[in-house]
Amino acid sequence: MHIHARALKYFDTIRRCGSIRGAARQLHVASSALNRQLLQLEDEIGFPLFERMADGLKLTPAGEVFSRHVISVLQEEQRLQHELDALRGIRRGELSVVSIEGVNADVLPAVLERMLTRHPQVRISVRTAGSQQAAQAVAQADADVAISFSIERDAALHQFALARFQMGAVVRPDHPLASLDTVSFAECARYPLIMASPELSIHAALRPIVAHHKKPLTILTETSSLELAKSIAARGIGVAFQTRVGLERDLREGRLAFVPLRAPEPVICDLGIYVRAGRALPPALDAFIRLLTEELDSRSLIDRAPIEPPHAPGQSSVATPSGA
């Protein structure tokens, strides 16, 4: 089998776009020419790679297998270019980051500032998505690194670090709950609640204690927007729930108060850093992950102090397992 590099790039663009026409626009080639290339590739492979459906193209089982090979080849090509650049003394690179909304408020700006100060020629693109969507983007090579809460184990992902943050009630500083050291869900339920919708990891983290609460709840709203939840809580008309991640500025400036939730087991959200499994890291990506891990480490240590004994000297609060 002799597959040209151009065919791999064409296939990958079709996979990303989900259509011949969309890929042709991106590649600046005629749709008919791109379709011929795909048919030739499928003839060479010996299997159809896409199902032709009314709403676009979907990978066949053979297409899924082939796509994993293509992603590895293209990412290795990118890594090779970065290493050759490093040998020439060129300190450059491009990174694509997909992150959950919460880290955009304070965590990610702090990391980007340090990254761009040390490596000013590295170009970084950032987009926001839900945790599962972020993980999927990395698994499909649509992003280099994902920052996500509570991702289930996936053979397609490698977990570089894991920081643990406690869930708490978010209220105005003059709210009756704000003066408490910790608060139970039952105490929160005496007030209107601002609940996370199912696509947020907050929803899953709270599900056991919500299910245990047998009395009726007054739910003011259910939302997938942390910004909306914070804004409603800041007006004093409801109790929201999240970790301190994303609240940093509001807490510093006294607009909101965070009260850790008290439960038989600490209510925790795990914030992880993920890349595609088996991928060798280009220098720029490796540097970014190291800075991000350090940032999460320092914040996790502060967050965990009220709920766990202090760590032994030199022990980090960020777990670094070999894979996820």
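**Legends to close-up views of a predicted model**

**View 1. Overview of the protein chain.** Of the contacts in the protein chain with a separation of 6 or more, 72% are between residues 24 or more positions apart; a contact means heavy atoms within 4.5 Å. This is a predicted model, in which local features need pLDDT of at least 70, side-chain atom pairs count only at pLDDT 80 or more, and totals for chains, interfaces and linings use all residues. Residues are numbered from 1 along each chain as its sequence is written, and side-chain values use heavy atoms, with hydrogens and water left out. The protein chain has 11 helices and 13 strands, taken as DSSP runs (helices: H or I, at least four residues; strands: E, at least two) numbered from the N terminus. Of its 324 residues, 46% are buried (buried: under 20% relative accessible area, exposed: over 50%, partly exposed: in between; 1.4 Å probe, protein chains only). The chain exposes about 16900 Å², of which carbon and sulfur atoms supply 52% (Shrake-Rupley method, 1.4 Å probe; for residues, only the protein chains shown count as cover).

**View 2. Crossing of helices α1 and α3.** The axes of α1 (residues 5-17) and α3 (residues 31-45) come within 10 Å and cross at roughly 110°. Axes are lines fitted to C-alpha atoms, for helices over the stretch in contact, and angles run from 0 to 180 degrees between N-to-C directions. The two helices are therefore roughly perpendicular to each other (65 to 115 degrees). Arg6, Ala7, Tyr10, Phe11 and Ile14 of α1 make the contact with Leu34, Gln37, Leu38 and Leu41 of α3. Seven of these residues are nonpolar, one is polar and one is charged (nonpolar: Ala, Val, Leu, Ile, Met, Phe, Trp, Tyr, Cys and Pro; charged: Asp, Glu, Lys and Arg; polar: the others, Gly among them).

View 3. Four strands in the order β8-β12-β7-β11 form an open sheet with mixed pairing; two strands pair if DSSP finds at least two bridges between them. The edge strands, β8 (183-184) and β11 (240-242), each pair on one side only. β8 runs parallel to β12 (residues 257-262), and two bridges join them. Valine 183 stands opposite leucine 261 in β12. Helix α9 (residues 226-234) lies across β7 (168-171) and β11, at about 135° to β11.

View 4. Phenylalanine 165 belongs to strand β6 (residues 157-166). The residue is buried, with a relative accessible area of 2%. Its C-alpha atom is separated by 9.8 Å from that of proline 266, 101 residues apart along the chain.

Key:
Angles under 35 degrees count as roughly parallel, over 145 as roughly antiparallel, 65 to 115 as roughly perpendicular and the rest as oblique.
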